[in-house]
Amino acid sequence: MAKVHPNAADPERRPPQDDQEEPPTVLTVWRKSLLFNCHGFTVFDARGDLAFRVDCYAASRRRAEVVLMDVAGKPLLTVRRKRLSLTEHWVIYDGDGTARPLLSVRRHVTLRSSSKAVAHVTPHASAAAASAAEYVVEGSYGRRACAVRDARGDAVAEVRRKESVGDDVFRLVADPRLGAPLAMGLVIALDEMFGAGRVSARSLLRRTWSV
């Protein structure tokens, strides 16, 4: 039976050498809460230890916000739905959501089927001084094959399929420039946009124009 999380260090994660940059963080993401009657995520590090958790009691269609927590249950990030937006729009806040917003995640809507972009990530105005980087999410989150790319096209986070365990368990690779918590925050936003039962971008656009 395939394991959800690794028991040994992931071969893609190697200890940094003195003359090398810090390697990316490789996480195993399980799209399931460990709490009974909850929805969410359970995230393991490369050693198989619990790294992050998401526990939601509300049904996905009615969720207004999702909180990323550490092992002890301390809020690290709050991913909140932006109200009164023409496109699906989520904002990632530091901590429990009372602190400053960090990133804005908008769903990409287009009639062009050839477009690789599925979402756009921009720093919030109050966080622009800390990071002026803008990112685009390309690929398919539903197929667990997407990447968050910077302006140069370099991947700062990647969602990859994990062999023989289905779509509910996948690998998240986070570059140090973005960091594991923010990468997981983006996964939460993408899951709310493109998880099971979500409408396609074309359907969303047609529905928006028909209103």
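Analyst: A salt bridge is counted when a side-chain nitrogen of Lys or Arg lies within 4 Å of a carboxyl oxygen of Asp or Glu. Side chains of opposite charge can pair when their charged atoms come close. The present model is predicted, and it holds 15 salt bridges.

User: Which parts does the pair of Glu 65 and Arg 80 tie together?

Analyst: The side chains of Glu 65 and Arg 80 form a salt bridge, at 2.9 Å from N to O. Glu 65 belongs to strand β4 (residues 65-69) and Arg 80 to strand β5 (residues 75-81), so the pair ties together parts 15 residues apart in sequence. Glu 65 counts as partly exposed because its relative accessibility is 35%; Arg 80, at 25%, also counts as partly exposed.

User: Is Asp 150 buried or exposed?

Analyst: Buried means under 20% relative accessible area; Asp 150, at 13% relative accessibility, therefore counts as buried. Its salt-bridge partner is Arg 177, at 3.2 Å from N to O. This pair links distant parts of the chain, 27 residues apart: Asp 150 is in the loop between β10 (145-149) and β11 (155-161), and Arg 177 in the loop between β12 (169-174) and α1 (180-194). Arg 177 is partly exposed, with a relative accessible area of 44%.

User: What is the relative accessible area of Arg 152?

Analyst: Arg 152 has 66% and is exposed. Its side chain meets that of Asp 154 in a salt bridge of 3.3 Å, N to O, and Asp 154 is partly exposed at 33%. Elsewhere, salt bridges with shared partners join Arg 31, Asp 168 and Asp 191 into one network.

Definitions and conventions. Residues numbered from 1 in each chain as written. Predicted model: local features only at pLDDT ≥ 70, side-chain atom pairs only at ≥ 80, totals over all residues. Heavy atoms only, no water. Helix = DSSP H or I, 4+ residues; strand = E, 2+ residues; numbered from the N terminus. Buried < 20%, exposed > 50% of the residue type's maximum accessible area, 1.4 Å probe, protein only.
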